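I opened the model today to look up a few local features. My notes follow in the order I took them.

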Amino acid sequence: MEKIRIITDSAADLDNIRPEVTVIPMKISFGSETYLDGVNLSHREFYEKLVESDALPVTSLVSPGEFSDVFEKAAAAGEKMLVITISGDLSGTYQSALLAAEEYAGRIRVIDSRQATVGEQVVVNRALQLMDNGLGLDAIADRLEAEKEEIHTIGLLDTLEYLKKGGRISKTVAFVGGALAIKPVVAIVDGKVILLGKARGSKNGENFLMREAEKAGLDFSRPICLGYTGFSDAMLQKYMEDSRHLWEGHEDSLPICTIGATIGTHIGPNAIALSFFEKK
């Protein structure tokens, strides 16, 4: 059986990292201070800094050199490599991986997940699932390229403030939305974050998420992940309880992670997200 090293970036927000997986941290800068995501800046510390900062932090891609260092170690250990990156439309990390992979032809496959955070995480976990089933590098990569089109990643935001700070909406829209308790519902579609709709209040926002999940259908034979931003999972727990009918009888418990800087920068605290493969 092939020895396969799965390599991803910290935008996948992996909590429990298996020995076969290497996570390369992305960089986050608050002014002149730069941190490594998940290394010297935890998700909680990131949100503490985010809510105190007037300006949004800047996230940096993983460089080709950083990928090369990891590829060299894997090759020396006799491992083939499967690289899964954040969407190429959200970061240049995918292009960095392609550049670094050029000298390892035949031993490496690079996958643009077309996702981020919980969406990227389900791609990594699907790769592990396929590897555990005995598939080799090329078979896993080919399956992922086909199946990643079946992923749905949707989220409910608590505030428009961070979209305003990032210049994605105007101050006027943010003010009116705040006054009306508007909760944006977003999704990752074709590798980009899009606005699916706007709900009046959290309850209507939860119902919007449930309708989207019910419409697609959840494939419980493949990975599912839920995530939240900020300091508390209270809103996520409420959503899980209110939408119990979606997974009751299919799963005893659902995997939950905290969402880090790459997406958290733009959506702020108290957001929730769900990612799953659609049921065929």
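**Asp142 and its partner.** I began with Asp142. Its relative accessibility is 44%, so I log Asp142 as partly exposed. This is a predicted model, and I read every value with that in mind. Which side chain does Asp142 meet in a salt bridge? The partner is Arg109, at 3.0 Å from N to O. This pair links distant parts of the chain. Asp142 sits in helix H5 (residues 137-147), and Arg109 sits in strand E7 (residues 108-112). They are 33 residues apart. Arg109 has a relative accessible area of 22%, so Arg109 is partly exposed too.

**Asp242 and Lys203.** Next I looked up Asp242. Asp242 forms a salt bridge with Lys203, and their closest N and O atoms are 3.6 Å apart. Here too the pair links distant parts of the chain: Asp242 belongs to helix H9 and Lys203 to helix H8, 39 residues apart. I noted a relative accessible area of 28% for Asp242, which makes Asp242 partly exposed. Lys203 comes out at 44%, so Lys203 is partly exposed as well.

**Helix H8.** Just after H8, Gly217 takes a positive phi of about 85°.

Which residues of H8 are buried? I list Gly205, Glu206, Phe208, Leu209, Met210, Ala213 and Ala216. What do the buried residues of H8 pack against? The strands are E8 (151-156), E9 (182-189), E10 (192-200) and E13 (272-277). The helices are H9 (234-242) and H10 (244-247).

The side chains of Glu212 and Lys215 meet at 3.3 Å, N to O. These two are 3 residues apart in the helix, so about one helical turn separates them. In an α-helix there are 3.6 residues a turn, so residues three or four places apart point the same way. Lys215 has a relative accessible area of 64%, so I log Lys215 as exposed.

**Salt bridges overall.** How many salt bridges does the count come to? I get 24. Salt bridges that share partners join Arg126, Arg143, Glu147, Glu150, Asp219 and Arg222 into one network.

**Cysteines.** I then looked for disulfides. The count comes to 0. Cys225 is in no disulfide; the nearest cysteine sulfur belongs to Cys257 and is 3.9 Å away. Cys257 is in no disulfide either, and the nearest cysteine sulfur to Cys257 is that of Cys225.

**A nonpolar patch.** Last, I checked the surface. Val189, Ile194 and Leu196 make a nonpolar surface patch of about 190 Å². Ile194 lies in strand E10. Strand E10 is one of the elements that the buried residues of H8 pack against. Ile194 has 32% relative accessibility, so I log Ile194 as partly exposed.

Technical notes:
Residues numbered from 1 in each chain as written. Predicted model: local features only at pLDDT ≥ 70, side-chain atom pairs only at ≥ 80, totals over all residues. Heavy atoms only, no water. Buried < 20%, exposed > 50% of the residue type's maximum accessible area, 1.4 Å probe, protein only. Helix = DSSP H or I, 4+ residues; strand = E, 2+ residues; numbered from the N terminus. Contact = heavy atoms within 4.5 Å. Patch = residues over 30% accessible without salt bridge, like charges linked within 9 Å, V, L, I, M, F, W, Y side chains within 5 Å. Areas by Shrake-Rupley, 256 points an atom, 1.4 Å probe, with all protein chains shown as cover. Salt bridge = Lys/Arg side-chain N within 4 Å of Asp/Glu carboxyl O. Disulfide = S-S within 2.5 Å.
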